[in-house]
Amino acid sequence: MDFEFTEEQKMIRQSARDYAQRELIKDVLERDARAEYPAHHVKALAELGFMGMLVDTKYDGGGMDTISYVLAMEEISKVDASVSVIISVNNSLVCYGIEAFGTEDQKEKFLKPLARGEKIGAFLLSEPNAGSDATSQKTIALDKGDYYLVNGTKNWITNEIQLPLIS
């Protein structure tokens, strides 16, 4: 068994390292102090293909392997863990579920813009009376035909943003 990284994996790692060391590092402390969402970094990382790196190319993703993904997350996390969480949630918690279990219509409508970084996926789990125990959650989604009505209270939402990310 070969434990060496492929040339593509090395390239992905270097690309993530270069961006993190050249760009993320410039304002990470100021953004953290202001609790500011790194919109311009997310847009730049989307343009580099990191927001949908695990998504199949037929859905506008990078079609990369898990090792490449982990190498990129490692390099970005060294400088700014919050940016790596944004990328991770979009790739693994949101895009993965849609790609694995969504219909072709859902993949066209939701997965492609997520993979391109035009939309950012969010993750909602922790509730006041349940913490992160998914089996004790009280939030419900009611099927209203054309949409779902989601009703519940969350302690925090990963990747919740109020402004358009990409205009």
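Let's start at one residue: setting aside neighbours within four places in sequence, N159 touches I86, V89, N90, I120, G121 and A122. Keep in mind that what you're looking at is a predicted model.

Is N159 buried or exposed? Its relative accessibility is 8%, and because anything under 20% is called buried, N159 counts as buried.

Now hop over to two helices, α1 (residues 7-34) and α3 (residues 66-79). Their axes are 8 Å apart, and the helices pack at an angle of about 20°. Angles under 35 degrees count as roughly parallel, so that's the label for α1 and α3. The crossing of these two helices is right-handed.

Which residues make the contact? From α1 come Q9, I12, R13, A16, R17, A20, Q21, L24, I25 and V28. On the α3 side you'll find I67, S68, L71, A72, E75, I76, K78 and V79. Sort the residues of this contact by type and you get 11 nonpolar, 3 polar and 4 charged.

Finally, how confident is the predictor? The average pLDDT for the protein is 90, with 94% of the residues scoring at least 70. Residues 162-167 are another story: there the pLDDT is below 50. In the model, this stretch has 8 contacts beyond near neighbours in sequence.

Notes
Residues are numbered from 1 along each chain as its sequence is written. This is a predicted model: local features need pLDDT of at least 70, side-chain atom pairs count only at pLDDT 80 or more; totals for chains, interfaces and linings use all residues. Side-chain values use heavy atoms; hydrogens and water are left out. Axes are lines fitted to C-alpha atoms, for helices over the stretch in contact, and angles run from 0 to 180 degrees between N-to-C directions. Helices (H or I, at least four residues) and strands (E, at least two) are DSSP runs, numbered from the N terminus. Angles under 35 degrees count as roughly parallel, over 145 as roughly antiparallel, 65 to 115 as roughly perpendicular and the rest as oblique. A crossing is left-handed if the near helix is turned anticlockwise from the far one by less than a right angle, and right-handed if clockwise. Contact means heavy atoms within 4.5 Å. Ala, Val, Leu, Ile, Met, Phe, Trp, Tyr, Cys and Pro count as nonpolar, Asp, Glu, Lys and Arg as charged, and the others, Gly among them, as polar. pLDDT is the predictor's confidence in each residue, from 0 to 100. Buried means under 20% relative accessible area, exposed over 50%, partly exposed in between (1.4 Å probe, protein chains only).
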